[in-house]
Amino acid sequence: MQVDVLIVGAGPAGLMAALWMARAGIRTLVVDRNSGPTEAGHADGLESRTIEILDSFGLGQKVWNESNHTIDICLWSHYPDGSLQRQSVSANSKPGWSRFQESTLGQSRIETILLEQVLVSSHVEVRRNTMPTSLDIDESLIQSHDQNSYPIRVGLMSCSDAEASKTLDNDTSVQNAREVIEAKYLLGCDGAHSWVRKQLGLKLEGASRDVSWGVLDALPITDFRERSFSLPDSGIK
């Protein structure tokens, strides 16, 4: 099979890239080892600029309507007398920066919204339960402008076959592949433990901090008297 672009990973990054390809009419194959959208979100936060980009695809208002908007940030702290008191309240973003605000929406829902738009196009195919097993790059064809030039060859295997044969992520033997895809471009959108990045010998660069954080999807019942809060359209304060 020959495609213009092969995308490894059908998370938010992979599906967003696939949506670009769909709108541009570029023949694309997306593969992902998971059977469906991410069940437990790894990144549910959406910055205002992200929603603006989604809006340029006609999806911004849909995401905005379904998301939980972070209007302001309220910090509380324990005082020496043992009480819990409010330290500060600040707006989450400055007025006028964007007509949207930082929001949260489950990653599974974001992926579903993107996928619905991707599948409208006949140019993009999405395959689940599929993993890459090999990567071969013909360096002599990288700079070729020939429309029939496909310098990248990626072997694919169904996850059930991979489990049966105990195929490892670092196994690059093309003999293990059930199918070989020829592509002009390969996009690695397969997360922090990217298979594509490992095949290219690239390191995951960046900084990390020893900080623990979490997000609670809950309706708190408290005796805080200094500030009231409400849930949109719920009438609960």
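Which residues touch the most other members of the largest nonpolar core? Select Ile7, Leu59, Leu114 and Val124, which hold that place among the 27 residues of the core; a nonpolar core here is a set of buried Ala, Val, Leu, Ile, Met, Phe, Trp, Tyr and Cys residues joined through side-chain atoms within 4.5 Å, and buried means under 20% relative accessible area with a 1.4 Å probe, protein chains only.

The model is predicted, with local features needing pLDDT of at least 70 and side-chain atom pairs counting only at pLDDT 80 or more, whereas totals for chains, interfaces and linings use all residues. Residues are numbered from 1 along each chain as its sequence is written, and side-chain values use heavy atoms, with hydrogens and water left out.

Next, colour the core by element: β1, α1, α2 (48–56), α3 (60–66) and α4 (107–118) each supply at least two residues, and the largest share, 7 residues, comes from α1. Helices (H or I, at least four residues) and strands (E, at least two) are DSSP runs, numbered from the N terminus. Apart from this core lies another, of 14 residues, including Val3, Val8, Leu29 and Val31.

Now centre on Leu59, which touches Leu19, Leu54, Ile113, Leu114 and Gln117, leaving aside residues up to four places away in sequence; contact means heavy atoms within 4.5 Å.

Then show α1 and α4, whose axes come within 9 Å and cross at roughly 20°. Because angles under 35 degrees count as roughly parallel, α1 is roughly parallel to α4. Axes are lines fitted to C-alpha atoms, for helices over the stretch in contact, and angles run from 0 to 180 degrees between N-to-C directions. Among the residues making the contact are Leu15 and Leu19 of α1 and Leu114 and Val118 of α4.

Finally, select the open sheet of 3 strands, ordered β3-β7-β4 with antiparallel pairing, where β3 (45–46) and β4 (68–69) are the edge strands. Here 2 bridges join β3 to β7 (residues 103–104), and Gly45 stands opposite Thr104 in β7.

Note on methods. Buried means under 20% relative accessible area, exposed over 50%, partly exposed in between (1.4 Å probe, protein chains only). Angles under 35 degrees count as roughly parallel, over 145 as roughly antiparallel, 65 to 115 as roughly perpendicular and the rest as oblique. Two strands pair if DSSP finds at least two bridges between them.
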